[in-house]
Structure formats: structure tokens, C-alpha cells
Amino acid sequence: MSQYFMVGRRTVWNPATSIARLFKAQAEMMAAQAGLPSGIGDDPGLDEYQIDVPLFTTFVEAVFERWMDTGHPVGRQLTEGFLLNAWALLDNCGGSEPSAFRPRPHLPQRGQEIHDMWVRHWRALRPEAGVHPAPDED
């Protein structure tokens with residue numbers, strides 16, 4: 001049995017039901033912390049979640065900003081897996097590289113290193129999207 005994440009009538013992710021519910025629950029917990037809607041609708045009994053792409057994009061970028069600002073190691077680890085899946089889902093929705101990945105010259109060196117690591121990691125997970133790093137960027 002599966003549940004679907006949809007944009008309109010287009011399926012953008014079809015995980016197992018338990019994974020869909022886990023991801024939705026994680027999104028709602030993080031949305032409550034961020035004080036923003038997640039952009040993922042409730043299942044109306046059709047085994048699907050509708051995604052409001054602009055809201056979901058804003059939410060995911062806010063979670064990333066919060067991740068960048070926290071120094072709590074457990075908080076970081078709990079957020080990392082969610083972010084990677086959320087960015088992959090955004091890509092499946094037809095979104096572009098998150099604006100959170102724009103250059104950040106104002107960050108302290110350690111913050112810039114972390115930011116750059118996330119950009120490389122996200123791009124490496126999405127080679128089919130055509131946003132993977134060029135060979136000279138490795």
C-alpha cells in the first residue's frame with residue numbers, strides 16, 4: 001500500500017504508507033517550530049497529500065535557515081534527513097535549487113563550510129535534475 005504526494009493531479013513521490021506518514025508528521029512538527037504552514041495538505045482519505053509548492057518551498061527554506069542558525073548537534077542531526085528528503089521532493093515538484101543555497105559571503109567561515117557542504121550534498125542527490133556540480137567543483 002502506498003500514499004502519494006501530489007501537485008495537482010501529478011504524483012511527485014510515492015513512498016510506502018508508513019514513510020509518507022512519517023515524513024508528513026516530521027513536516028508538521030517542524031512547521032510548528034518554524035511558525036509556518038508546511039505546504040503539505042492533509043490526506044482527504046484518498047491516500048494522497050497535496051503539496052502547495054510555494055508554501056512548501058518557503059517552509060523548507062525556513063527549516064534550512066533554522067538548521068544553519070542552531071548549534072545544537074542533536075537538533076542538526078534530526079533536521080538533516082528531513083531536509084534532504086524535502087529538497088528532493090521540491091525538485092520532483094519542479095522547483096529549482098533552493099534560494100537558501102545562494103552564496104552567503106556574510107557567513108562566518110564555519111557557517112560557509114556547512115552551507116557549501118549542504119549545496120554539494122543536495123546536488124549530488126539530484127544528478128538527474130541537471131544541477132550536479134561540474135567536475136571542477138568537486
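These legends describe close-up views of a predicted model.

**View 1. Two phenylalanine rings pair within helix H2**. Phe 56 and Phe 59 sit in helix H2 (residues 53–69). They are three residues apart, about one turn of the helix. An α-helix has 3.6 residues a turn, so residues three or four places apart point the same way. The ring centres of Phe 56 and Phe 59 are 6.3 Å apart. Phe 56 is buried, at 0% relative accessible area. Phe 59 is buried too, also at 0%.

**View 2. Ring pairs build an aromatic cluster**. The structure holds nine aromatic pairs. Such pairs link Phe 5, Trp 13, Phe 23, Tyr 49, Phe 56, Phe 59 and Phe 82 into a cluster.

View 3. H1 covers residues 17–34. Its 18 residues should span 26 Å, and its end C-alpha atoms are 26 Å apart, which agrees. Thr 17, Ala 20, Phe 23, Lys 24, Ala 27, Met 30 and Ala 31 are buried. The face turned away carries the exposed residues Ser 18, Met 29, Ala 32 and Gln 33. Just after H1, Gly 35 takes a positive phi of about 70°.

**View 4. Glu 48 is buried without a salt bridge**. Glu 48 lies in strand S3 (residues 48–50). The nearest side chain of opposite charge, Arg 9, is 7.9 Å away. Contacts of Glu 48 include Tyr 4, Met 6, Asp 42 and Asp 43.

How values were computed:
Residues are numbered from 1 along each chain as its sequence is written. This is a predicted model: local features need pLDDT of at least 70, side-chain atom pairs count only at pLDDT 80 or more; totals for chains, interfaces and linings use all residues. Side-chain values use heavy atoms; hydrogens and water are left out. Rings of Phe, Tyr and Trp (its six-membered ring) pair if their centres lie within 6.5 Å; planes under 30 degrees apart count as stacked, over 60 as edge-to-face and the rest as tilted. Helices (H or I, at least four residues) and strands (E, at least two) are DSSP runs, numbered from the N terminus. Buried means under 20% relative accessible area, exposed over 50%, partly exposed in between (1.4 Å probe, protein chains only). Lys and Arg count as positive and Asp and Glu as negative; His and the chain ends are not counted. A salt bridge is a side-chain nitrogen of Lys or Arg within 4 Å of a carboxyl oxygen of Asp or Glu. Contact means heavy atoms within 4.5 Å. The expected span of a helix is 1.5 Å times one less than its number of residues.
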